[in-house]
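Subject: A structure for you to explore

Hi there,

Here is the structure I promised to pass on to you. Please open it next to this email and follow along as you read.

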Amino acid sequence: MIEDRDLIQQYLDQLRLSLRIPEVGRILVEAEDHLRAATAAKVAEGMSEERAQQAAIAGFGPVQAIVYAHQTRHGRVAAMLADLAISAWRVIAWYLLVAFALELAGLLRQPHPMTCSSQTPCPIVVFSGPTTTAAGVGEWVATGTAGLALLALYYGVRRFQRRRGRVWSIPLGGFFPLAAAVTSMLTVVGAILTVTTTHTDHAALLGGVGFLALGMGITYGWRMGRMLRQQERDHELA
Amino acid sequence: MERERLKGHLDLLLLSVLSAGPAHGYGIITMLRERSDGAFDLHEGTIYPALHRLEGAGLLDSSWAEADGRKRRVYALTSKGEAALSAQHSAWRRFAAGMQAVLGGEPA
């Protein structure tokens with residue numbers, strides 16, 4: 001009898017959504033047979049049903065490991081490129097929004113635009129606010145609009161894919177940290193070069209990446225901590 | 001034993017277990033664990049891609065069966081699989097003897 005909190009079914013659902021290969025039906029049937037047989041053996045040894053299911057799933061392996069094992073070399077490369085593209089998409093969207101927000105904060109704090117010159121160069125992170133010229137305001141609005149549009153499109157596509165029974169890699173997983181680190185590093189270098197060579201007042205736009213990188217670092221660290229703790233629990237159960 | 005080191009020998013282990021007779025995935029894992037006295041620790045779910053690959057190479061054959069009201073895939077060694085097992089077994093013995101000769105000491 002399948003209980004309300006059937007962990008095996010939840011695991012199989014996750015596996016079904018993550019596997020993108022034609023043999024998914026056979027793989028799921030074999031996985032279910034394996035997990036139910038392992039659970040029955042553990043229950044016969046005296047474990048509770050729930051704990052037996054947890055131990056069976058832990059012994060079978062994390063969904064990512066199973067998906068990776070079933071992927072062909074070609075499939076792994078394709079998944080890696082897709083993950084990289086998706087990560088870059090999300091990072092760029094958030095970066096544009098953070099830059100927009102920093103410019104807005106600058107406008108609220110300091111309504112008069114800062115003037116940078118060779119005698120008083122702009123610091124890397126400065127709340128200068130958008131320039132008062134039409135071109136400056138247009139650029140600022142375009143930054144926010146592009147960020148919002150990219151993010152909305154990202155979540156829209158993700159929702160559409162989920163409805164079709166497909167999920168992307170775990171949030172903040174895969175190449176997200178790498179994409180974030182590279183994007184941040186390149187932008188910081190760009191900011192330093194821009195400020196030191198042109199004395200532009202767009203430093204806030206570029207320097208905003210520091211805040212974004214910090215936020216992503218904290219979030220990623222928190223997620224990784226949770227994941228590692230879960231793996232430790234799985235290992236103990238196995 | 002480390003998972004990565006075990007992966008290099010997984011085909012031989014699977015063929016060897018199935019030389020005793022047809023078995024399903026969970027049965028194969030159980031036999032592997034019992035025969036190795038628990039030394040082989042790998043994610044159980046990762047043996048299925050290896051079984052599918054061996055089947056694709058013609059070394060195994062498989063068919064559906066039913067047990068406890070569930071569908072179950074049962075794997076069996078083919079004649080080509082028996083030949084491959086024999087060849088891999090010989091290669092492993094040569095390798096193990098070579099390792100033993102270099103490392104010295106009493107055989108484990």
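Two residues are said to be in contact if their C-beta atoms, placed from the backbone, lie within 7 Å. With that in mind, take the contacts in chain B between residues at least 6 apart in sequence: 51% of these join residues at least 24 apart.

Please keep in mind that this is a predicted model. Its scores are ipTM 0.85 and pTM 0.59. For chain B, the mean pLDDT is 87, and 89% of the residues reach 70 or more. Among the elements of this chain, strand β1 (residues 23–24) of chain B has the highest mean pLDDT, at 94, while helix α1 (residues 3–7) of chain B has the lowest, at 65. Where pLDDT is low, the predicted coordinates should not be read in detail.

**Finding your way along chain B**

Chain B contains five helices and three strands. If you start at the N terminus, the elements come in the order α-α-β-α-α-β-β-α. The chain has 108 residues, and 25% of them count as buried.

**Two helix pairs to look at**

Start with helix α3 (residues 25–35) of chain B and helix α4 (residues 47–56) of chain B, whose axes come within 11 Å and cross at roughly 110 degrees. Because of that angle, α3(B) is roughly perpendicular to α4(B). Their crossing is right-handed. Which residues meet here? On the side of α3(B) they are G25(B), I28(B) and I29(B), and on the side of α4(B) they are I47(B), Y48(B) and L51(B). Sorted by class, the residues of this contact are five nonpolar, one polar and no charged.

The second pair is helix α2 (residues 10–18) of chain B with helix α5 (residues 79–103) of chain B, which pack at an angle of about 125 degrees with their axes 10 Å apart. The crossing of α2(B) and α5(B) is left-handed. From α2(B), the contact uses D11(B), L12(B), L15(B) and S16(B). From α5(B), the residues are G81(B), A84(B), L85(B), Q88(B), H89(B) and W92(B). The classes in the contact of α2(B) with α5(B) are five nonpolar, four polar and one charged.

**Where chain B touches chain A**

How many residues does each chain bring to this contact? Chain B brings 13 residues and chain A brings 17 residues. On the side of chain B, the elements giving two or more residues are α3, α4 and β3 (70–77) of chain B. Of these, β3(B) gives the most, with four residues. By class, the side of chain B that touches chain A is made up of three nonpolar, five polar and five charged residues.

Finally, have a look at D68(B), which sits in the loop between β2 (60–67) and β3 of chain B. This residue has a positive phi of about 55 degrees although it is not a glycine. Is D68(B) buried or exposed? D68(B) has 9 C-beta neighbours inside 10 Å, so it counts as exposed.

Enjoy exploring, and write back whenever you like!

Best wishes

Methods: Residues are numbered from 1 along each chain as its sequence is written. Chains are lettered from A and ligands numbered from 1 in the order in which they are written. This is a predicted model: local features need pLDDT of at least 70, side-chain atom pairs count only at pLDDT 80 or more; totals for chains, interfaces and linings use all residues. Axes are lines fitted to C-alpha atoms, for helices over the stretch in contact, and angles run from 0 to 180 degrees between N-to-C directions. Angles under 35 degrees count as roughly parallel, over 145 as roughly antiparallel, 65 to 115 as roughly perpendicular and the rest as oblique. A crossing is left-handed if the near helix is turned anticlockwise from the far one by less than a right angle, and right-handed if clockwise. Ala, Val, Leu, Ile, Met, Phe, Trp, Tyr, Cys and Pro count as nonpolar, Asp, Glu, Lys and Arg as charged, and the others, Gly among them, as polar. pLDDT is the predictor's confidence in each residue, from 0 to 100. A residue is buried if 20 or more other C-beta atoms lie within 10 Å of its own, exposed if 12 or fewer, and partly exposed in between; C-beta atoms are placed from the backbone.
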